[in-house]
Amino acid sequence: MIIILVVGLAVGAFLGLSLNISYPAEYSFYVTMGLLAALDSLLGAVRSWMEGKYRGVIFISGFITNTIVAVLLVYLGDRLGIPLYYAAIFIFGGRLFQNLSIIRRIIIDRISEKKYREKQQ
């Protein structure tokens, strides 16, 4: 299942870089917050996969929900004249770094465990 995610991400990145698609500057916060939320969901999926807890339904629902909430925060903030996008930046950015640190620890633990087993043999 994770292979499908990686292939989808690679295809999306390739299409995004190869196609010349532009959007108006006033949508930049919407796109940025949507991408931040999507990246948070992606790292959360990688973390849960590494922990052996990955479920596709949870990933897809979280991906869609996080992206919609982030975009709605920006939209509501624009309408009210309040920079609510800061909330999305703090929440999704914080979770992104938290997931990244847990992924790093899992990788380090696995490498250390492998070296320990090799040393024991």
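Predicted model: local features only at pLDDT ≥ 70, side-chain atom pairs only at ≥ 80, totals over all residues.
Glu-51 forms a salt bridge with Arg-47, and their closest N and O atoms are 3.4 Å apart. Glu-51 is partly exposed, with a relative accessible area of 32%. Arg-47, at 24% relative accessibility, is likewise counted as partly exposed. In general, side chains of opposite charge can pair when their charged atoms come close.

The description now turns to helix H2. Helix H2 covers residues 28-50 and has 23 residues. From its first C-alpha to its last it reaches 33 Å, close to the 33 Å expected at 1.5 Å a residue. After H2 comes Gly-52, whose phi is positive, near 80°.

Leaving aside residues up to four places away in sequence, Ser-41 touches Phe-59, Gly-62, Phe-63 and Asn-66. Asp-40 also counts as buried, at 1% relative accessibility. Asp-40 forms a salt bridge with Arg-95, with the closest N and O atoms 2.6 Å apart. Since Asp-40 lies in helix H2 and Arg-95 in helix H4, the pair ties together parts that are 55 residues apart in sequence. Arg-95 itself is partly exposed, with a relative accessible area of 36%.

Helix H3 comes next. The 25 residues of H3 should span 36 Å at 1.5 Å a residue, and the end C-alpha atoms of the helix are 36 Å apart, in agreement with that expectation. Phe-59, Asn-66, Ala-70, Val-74 and Gly-77 are buried in H3. Among them, Phe-59 and Asn-66 are also contacts of Ser-41. H3 is followed by Gly-81, whose phi is positive, near 75°.

How do the axes of H3 and H4 cross, and how close do they come? The axis of helix H3 (residues 56-80) and that of helix H4 (residues 85-120) come within 8 Å and cross at roughly 150°. H3 and H4 are therefore roughly antiparallel to each other, as angles over 145 degrees count as such. By class, the contact of H3 with H4 has seven nonpolar, one polar and one charged residues. On the H3 side, the residues are Asn-66, Ala-70, Leu-73 and Val-74, and they meet Tyr-85, Ala-87, Ala-88, Phe-92 and Arg-95 in H4.

The side chains of Glu-113 and Arg-117 meet in a salt bridge (2.9 Å, N to O). Both residues lie in helix H4, four residues apart, about one turn of the helix. An α-helix has 3.6 residues a turn, so residues three or four places apart point the same way. Glu-113 counts as partly exposed, at 45% relative accessibility. Arg-117 counts as partly exposed too, at 45% relative accessibility.

Key
Residues numbered from 1 in each chain as written. Heavy atoms only, no water. Helix = DSSP H or I, 4+ residues; strand = E, 2+ residues; numbered from the N terminus. Expected span 1.5 Å × (residues − 1). Contact = heavy atoms within 4.5 Å. Axes fitted to C-alpha atoms, helices over the stretch in contact; angles between N-to-C directions. Parallel < 35°, antiparallel > 145°, perpendicular 65-115°, else oblique. Nonpolar A, V, L, I, M, F, W, Y, C, P; charged D, E, K, R; others polar. Salt bridge = Lys/Arg side-chain N within 4 Å of Asp/Glu carboxyl O. Buried < 20%, exposed > 50% of the residue type's maximum accessible area, 1.4 Å probe, protein only.
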